[in-house]
Amino acid sequence: MDQLYKSFLGITPGQKVIDVGCGTGDFTRYVARLSDGRSKILGVDSNPKSIKAGIADTERVGLSQVVSFKLGDAYKIPIDDDYADLTCCRSLLMHLDDPLKAVREMARITKPGGHVVAVEQGKMGIYYDPNDKRFSRLSDQVWEAQLRGIRKLEGKEFRIGEKLPGIFQEAGLVDMKAEILNNVYLASDPRRSLNDVKEELRFYLTYFKERMEKDRKYVVAGGLSNAKVSMYNSGYVSKIEGLLADDQKLRQDPTISADALYIVSGMKKA
Ligand SMILES: C[S@@+](CC[C@H](N)C(=O)[O-])C[C@H]1O[C@@H](n2cnc3c(N)ncnc32)[C@H](O)[C@@H]1O
């Protein structure tokens, strides 16, 4: 995976790199680790708390010589024209109501011949339980309604991956490349330890419980009834709790789930 990122990001020694919407800097530091010690990586985010946390985390892991942070908006990045060899973002464009404007800004601060790279989730959201096809269908309906609802209520393309090449083209970028990284989850896969599987499932369940009532408005705005959303929410929670309570059942569960992360790269015309 490092090799894929390295080639897509076009990492070479001594580059100036900007990570837009860097949050607390996980991806910024990942890019720094892929680069050599002579590169300079700058994370930009509009949330001052994330910037503060990013600086502290970066000091803690000894990368402050290479990685720094700046407060700034993706629609008006506080960097000069033609500055960066590489301008990247991960899971930023999905949160913006005008991703094209942000990509144009990313292109503006990139040198001619330099690269703009976005890493964003795509539409694929697979959940299939061969022992409960009805619930699997309901899961598809909830997922699609949720994406429609977010688009309708907030004007955001929450799974923007497939749209990236079109957006890049509209922003004037050329020589586009694209790859998908799939994330597949199968609890019965013997390559993963029982503890890992359970830990991951607990994480999904906690996240789901935190989000389910907040997400209801999107799913309903996307066309599904409240009753169906309640049926889905209670069905998901009881299924996962049931698996966590029975190791043998968990290890034999044939449910598969998967999603897709797109990496798209474009070049600013030289
Ligand atoms: C899901 S987080 C991703 C963080 C990081 N890129 C990562 O992959 O770990 C999205 C980030 O985008 C930032 N963000 C949202 N809108 C922004 C804007 N208009 N300008 C700059 N950052 C923004 C948020 O503050 C948040 O830190």
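Trainee: Which residue is the bridge partner of aspartate 19 in E2?

Mentor: Please keep in mind that this model is predicted. As a general idea, strands of a sheet pair through backbone hydrogen bonds, either parallel or antiparallel. In this case, the bridge partner of aspartate 19 in E2 is glycine 43. The two strands E1 and E2 run parallel and are joined by 5 bridges. Between E1 and E2 the chain passes through H2, and this β-α-β crossover is right-handed.

Trainee: Which residue in E4 is the bridge partner of aspartate 19?

Mentor: That partner is cysteine 88. Valine 20 has cysteine 89 as its bridge partner in E4. Strand E1, residues 16-20, and E4 run parallel and are joined by 4 bridges.

Trainee: Is E1 enclosed by the structure or open to the outside?

Mentor: To judge this, one counts neighbours: a residue is called buried if 20 or more other C-beta atoms lie within 10 Å of its own. In E1, 4 of the 5 residues are buried, so the strand is largely enclosed by the rest of the structure. Strand E4, residues 84-90, is mostly covered, with 7 of its 7 residues buried.

Trainee: In what order do the strands lie in the sheet?

Mentor: The sheet is open and has 7 strands, in the order E3-E2-E1-E4-E5-E7-E6, with mixed pairing. The edges are held by E3 (67-71) and E6 (173-186); each has a single partner strand, so one side of each lacks a neighbour in the sheet. From one strand to the next, the twist averages 20°.

Trainee: How does helix H4 lie on this sheet, and which strands does the helix touch?

Mentor: Helix H4 packs on the sheet and touches E1, E4, E5, E6 and E7 (256-268). The direction of H4 makes about 145° with that of E5. Helix H4, residues 99-108, also belongs to a right-handed β-α-β unit together with E4 and E5.

Trainee: In which sense do E4 and E5 pair, parallel or antiparallel?

Mentor: Strands E4 and E5 (residues 110-128) pair in the parallel sense, over 6 bridges. Within this pairing, leucine 86 has histidine 115 in E5 as its bridge partner.

Trainee: Which residue in E3 stands opposite glycine 43?

Mentor: Phenylalanine 69 stands opposite glycine 43. Strand E2, residues 40-45, pairs with E3 in the parallel sense over 5 bridges.

Trainee: Which residues of helix H2 are buried?

Mentor: In H2, residues 26-34, the buried residues are Phe27, Thr28, Arg29, Val31 and Ala32. The buried residues of H2 pack against H1 (2-9), E1, E2, H3 (48-60), E3 and E4.

Trainee: Let us turn to the loops. Where is glutamine 15, and is this residue buried or exposed?

Mentor: Glutamine 15 lies in the loop between H1 and E1. Glutamine 15 has 21 C-beta neighbours inside 10 Å and therefore counts as buried. Leaving aside residues up to four places away in sequence, glutamine 15 touches Ser35, Ser39, Asp85 and Leu86.

Trainee: Finally, which residues come nearest to the ligand?

Mentor: There are 17 residues around the ligand, and Gly21, Gly23, Ser46, Ala74 and Arg90 come nearest. The shell around the ligand divides into 6 nonpolar, 7 polar and 4 charged residues.

Conventions
Residues are numbered from 1 along each chain as its sequence is written. This is a predicted model: local features need pLDDT of at least 70, side-chain atom pairs count only at pLDDT 80 or more; totals for chains, interfaces and linings use all residues. A residue is near a molecule or strand if its C-beta atom, placed from the backbone, lies within 6 Å of it. Ala, Val, Leu, Ile, Met, Phe, Trp, Tyr, Cys and Pro count as nonpolar, Asp, Glu, Lys and Arg as charged, and the others, Gly among them, as polar. A residue is buried if 20 or more other C-beta atoms lie within 10 Å of its own, exposed if 12 or fewer, and partly exposed in between; C-beta atoms are placed from the backbone. Two strands pair if DSSP finds at least two bridges between them. A crossover is right-handed if, with the strands pointing away from the viewer, the path from the first strand over the helix to the second runs clockwise. Axes are lines fitted to C-alpha atoms, for helices over the stretch in contact, and angles run from 0 to 180 degrees between N-to-C directions. Two residues are in contact if their C-beta atoms, placed from the backbone, lie within 7 Å.
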